[in-house]
Structures are given as structure tokens and as C-alpha cells.
Amino acid sequence: MPETDVNLRVTIAGLELQNPLMVASGTFGWGEVFEKVQGFDNDALGAIVLKGTTLEPRKGNPTPRLVETAGGAGIINSIGLENPGVDAVIRDHLPPLEGCKAKVIANVAGGTVEEYVEVVSRFDKADRIDAMEINISCPNVKKGGAAFGASSEMAGEVIAAVRAATGKPLIAKLSPNVTSIAEIATACVETGADALSLINTLRAMEIDVDTRRPVLGNDIGGLSGPAVKPVALLKVHEVYQAVRGAGAPVIGLGGIACARDAMQFILAGARAVQVGTALFVNPMVCTEILGGMKDLLRRMGETDINDLVGTLKLNCGE
Ligand SMILES: Cc1cc2nc3c(=O)[nH]c(=O)nc-3n(C[C@H](O)[C@H](O)[C@H](O)COP(=O)(O)O)c2cc1C
């Protein structure tokens, strides 16, 4: 079958993506690092999600900030939202992305509702920002972050406030560290989120027996990579079931490292996917996943990725 017979184009919250593949926040910098990798092409991606951005610059957490888990199945990070602040991001990091064919999505973080609103208002005026992902799920900061994503009330408060500050598509990025992610997803959609992305990292700790101390400078961090994929798949399934009636698209992520992983998320209900930690292992993984998804579609006898979204067949029925 010729390549054009397979459609990977998807629409998320009115945003037309040339394919469903995005790079996850915090694992792709501002889009400049991977351009230096020979053969890597930012233009080929569906969207680039920028590093989490706050109002003021942040230095991040003390080192060490990264530790690998057993068998290379995951990493625990506690970067702590290091970033130069929204004004510097707009001034220094958006101009190089002018002309890039991938959509550009800002990732917004904050310690207060007012901070989220201010960052969103500034990105709202930046033409290159096509959408905003509201990070109410960062486990590595002492103030705000995941606290906003931990209850339906607080999540709804942040989303309603940022909704009033922009007409651009809003994606609420959800935490898996909650009792009912479906309830929080529903609250976000009801208060104005156009789409949901999940999962952010799972709270985790690694301990050095010799020093009797946690390995990370921040003591705790967030687990990501292949180890979290089964958790992420279940969460995507649960959220898709909760919000499909409202028509809100789901963006799935957590441990995706190959085309089959990506397809698992699509079947569970994701219309688009993000790749994060796998980029650290293989910078060309996105190119491989894109090619692999087209092959997989053909092998499954399908021609349009959209037809597969949420088509998981449960063994126990609905
Ligand atoms: C080093 C690192 C930095 C991250 N920084 C952010 C961030 O700034 N904002 C955010 O929403 N998520 C951040 N994340 C979470 C990822 O975007 C993603 O949700 C998570 O890692 C799960 O996907 P993965 O297993 O494919 O990496 C970060 C993850 C890593 C590993």
C-alpha cells in the first residue's frame, strides 16, 4: 500500500496535527537540542511540548536530579521545573521555532492560581504557541504543581481561571498520583479544558544503603519510562471512558518506546501520544515510531488512525 493510503492526521481541540506523535514536556528542552542530532527532523513531529514554564526563572532542585531504576526500566527525576521564566522563553526560545511544521505547545506551571493565569496570558500573546498544556501534576516542586491536580476542586479552579485568560486550546496534564483520575479529568473538562494529557510521573524514591539517604538531592522524584507504561495505559482507559461523552480528546503518555506501545495507548482511547524518557535512550525513536505506526496500521488492515481510537475490546465487557 502506498504511504499516502495511511492517514495519521488527527485533530486535538481544533488543532490539526500532521500525525499523533508529540514529544513530552521536559524531555525535549525547547526543541533546539534534537535539531543537532543528525537525521532528526522537528518538522516531522505532530507537536513539540516545551519544558514546563513558570512566571519567574527557576533554578530547579539540588543535584543529583536523575537516577536510573533497576533493569533500565525507568528513571526517577527531580528537575524541579528549572526554566528561565515565561518572558525569556518567549524572547529566546520561540523565534528558532518559527517555520517549524510541528505545532508548538507550551507547558505551564505555577505555585498559585494567579501565576498560572499570568503565564497563560503571556503565552496567549505569542503567535508561535498553538496550544497550552497546564501542568497540574508536577511532583517535584514544593509549592503548587501536583497539589493543584490532586483534587477536583483545585484542578477545576486552575482550569476555570486559565480558561478565562486564553482562547487557545487548553490541555490539562493529569497526575497518576491520585485516587480517582477520572473524577479530576471530568472536573477539568467541565471547567474548560479542551483536552487531557496523562500521565505525568509517579512519585518515587531510591535509597542508597551505604549513606542511608535518598539518592536524589530532593529526596523524592517522579518515575517515568517503560516501568510506568501499564499504569499509564489503565489511567488513559479510565479517563477516556469518563470523558468520551463530552468529546474531549485524550493524549496518552508514559513509557512509550516503540510503535506498538503508541498503538496500545490509541486503542485505550488516546487520539495522540507523547514520547518522553525513550528519547534519552534513542534520540531517533520518534522517527522509528512514526514509520512503525504506518506499518502497523497496514498490518492491522486499517487506513486511518482515527478509526482505532478507543477500540479496545475488554475481556469482561463494558
Ligand atoms: C527529565 C524530565 C523532565 C520532565 N519535565 C516535565 C515538565 O517540565 N513538565 C511536565 O508536565 N512534565 C515533565 N516531565 C514528565 C514527562 O513529560 C512525562 O509526563 C513523563 O515522563 C511520562 O512519560 P515518559 O515515560 O514517556 O517519559 C518530565 C519528565 C522527565 C523524565
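Mentor: Let us begin with strand S10 (residues 195-198) and S15, which run parallel and are joined by three bridges. Within that pairing, Leu-198 stands opposite Gly-252 in S15. Do keep in mind throughout that this is a predicted model.

Trainee: And on S15, which way do the residues point, and are they buried or exposed?

Mentor: In strand S15 (residues 250-253), Val-250 and Gly-252 point one way while Ile-251 and Leu-253 point the other way, and all of them are buried.

Trainee: Let me jump to S4, then. Which strands does S4 pair with?

Mentor: Strand S3 (residues 21-23) is joined to S4 by two bridges and runs parallel to it, with Met-22 opposite Ala-47 in S4. S4 is also joined to strand S7 (residues 103-108), again in parallel, by five bridges, and there the bridge partner of Ala-47 is Lys-103.

Trainee: Why would you call S4 largely enclosed?

Mentor: Because seven of the seven residues of S4 are buried, the strand is largely enclosed by the rest of the structure.

Trainee: Switching to the ligand, how many residues surround it, and which are the closest?

Mentor: The ligand is surrounded by 27 residues, of which Gly-26, Gly-52, Ser-224, Gly-276 and Thr-277 are the closest. The elements that give two or more residues to this shell are strand S4 (47-53) and strand S6 (75-77). By class, the shell holds 10 nonpolar, 15 polar and two charged residues.

Trainee: You mentioned S6; what sheet is that in?

Mentor: S6 is part of an open sheet of four strands, in the order S5-S6-S14-S11, with antiparallel pairing. Strand S5 (66-68) and strand S11 (202-204) stand at the edges with a single partner strand each, so one side of each is left without a neighbour in the sheet. Neighbouring strands here are turned by 35° against each other on average, direction ignored.

Trainee: And how is S11 joined to S14?

Mentor: S11 and strand S14 (residues 221-224) run antiparallel and are joined by three bridges, with Gly-221 in S14 as the bridge partner of Ala-204.

Trainee: One last topic: where is Ile-159 found, and why does it count as buried?

Mentor: Ile-159 is found in helix H3 (residues 152-163), and it counts as buried because it has 24 C-beta neighbours inside 10 Å. Leaving aside neighbours within four places in sequence, Ile-159 is in contact with Ile-134, Ala-172, Cys-188, Thr-191, Gly-192 and Ala-193. Leu-170 is 11 residues from Ile-159 in sequence, and their C-alpha atoms are 8.5 Å apart in space.

Terms used
Residues are numbered from 1 along each chain as its sequence is written. This is a predicted model: local features need pLDDT of at least 70, side-chain atom pairs count only at pLDDT 80 or more; totals for chains, interfaces and linings use all residues. A residue is near a molecule or strand if its C-beta atom, placed from the backbone, lies within 6 Å of it. Ala, Val, Leu, Ile, Met, Phe, Trp, Tyr, Cys and Pro count as nonpolar, Asp, Glu, Lys and Arg as charged, and the others, Gly among them, as polar. Two strands pair if DSSP finds at least two bridges between them. Axes are lines fitted to C-alpha atoms, for helices over the stretch in contact, and angles run from 0 to 180 degrees between N-to-C directions. A residue is buried if 20 or more other C-beta atoms lie within 10 Å of its own, exposed if 12 or fewer, and partly exposed in between; C-beta atoms are placed from the backbone. Two residues are in contact if their C-beta atoms, placed from the backbone, lie within 7 Å.
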